[in-house]
Amino acid sequence: MAGPVRVTGPLLDVLEIFLHAAGADADELHGWAIMKATKRSGPTVYGVLDRLEHMGWITGRWEDQHPEPSKPRRRFYRLTPTGVLHARQMLRDRRPQALPRQVSRTPGPALPGWLQVLRQDGAT
Amino acid sequence: VIASVLIPIAIGLLVNELCDVSPWLARRLVRWSAFRRYADPARAEARAEELAAVINARPGQLFKLTTTAGFAISAATVASLREGRTRRESNDPAAFGGADGAVPCRSECPDRAAVCTRGASATAAQARRPILRPSPCGEGA
């Protein structure tokens, strides 16, 4: 892991999305889903993903094949165990209201709209 | 009268053509952006494919192009900052050779016994040449 972490709004947004997704059975997210959920631009999101990957907080894997033929493959990211710990700690310090109460595999009925989108994207 | 008929037709054809060309253009531009942003070619190749998937997922031709333009502008900015930093490092005698113009062989050569050929003779003016931080260890004897 590199030196001290520079905490920015986009970084917190992305970590928040990952943590919420982990509790919604869609813990693997691809770049476009993160862009949609955070409402941040592509370069901003990918800058954050670069940093998180470099720090070892997330790990990525390529899908074997896009569900639609002749489309480019997507790369899915998920928090590593270390990343989960650091992300929870960081959100607890900086944005406690955004921290999911508990990580559960069965989402409750009051799931936010953007999370439904993530689940659909993760399922495809 | 002829112009008022031909101009809208020409514009329609042009717009239609641009719509057909825009996905190809977006793919090319996003690939260029990846290779501009990342110095490591393997990483750039992987990111190019990933960004192509992102552009592909974006609905609408215009949105695809604007997203691509965002990636391209960001990549160009990052690359120019990186190049500027490299240039500054290679041109700055303080960073390269210290205030007295001596090239800091000792700090750059892990092996103190290495022959430091520039430290004794190189001046700040020599060090100021636009070169990309060559190792001063044992060169130019």
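Contact here means heavy atoms within 4.5 Å, and among the contacts in chain A between residues at least 6 apart in sequence, 64% join residues at least 24 apart. The structure is a predicted model, in which local features need pLDDT of at least 70 and side-chain atom pairs count only at pLDDT 80 or more, while totals for chains, interfaces and linings use all residues. Residues are numbered from 1 along each chain as its sequence is written, and side-chain values use heavy atoms, with hydrogens and water left out.

Chain A holds 5 helices and 3 strands, these being DSSP runs of H or I over at least four residues and of E over at least two, numbered from the N terminus; read from that end, their order is α-β-α-α-β-β-α-α. Of the 124 residues in chain A, 49% are buried, that is, under 20% relative accessible area with a 1.4 Å probe, protein chains only.

Turning to the interface, 16 residues of chain A are in contact with 19 residues of chain B. W32(A), P43(A) and Y46(A) lose the most area to chain B within chain A, together 41% of what that side buries, where buried area is the accessible area (1.4 Å probe) that two parts lose on being put together, summed over both. Between the two chains the count is 3 salt bridges, each a side-chain nitrogen of Lys or Arg within 4 Å of a carboxyl oxygen of Asp or Glu, and E49(B) and R73(A) meet in a salt bridge at 2.9 Å, N to O. On the side of chain A that touches chain B, α2 (31–38), α3 (42–55) and β3 (75–79) each supply at least two residues, and α3(A) gives the most, with 6 residues.

Conventions. Chains lettered and ligands numbered in written order. Buried < 20%, exposed > 50% of the residue type's maximum accessible area, 1.4 Å probe, protein only.
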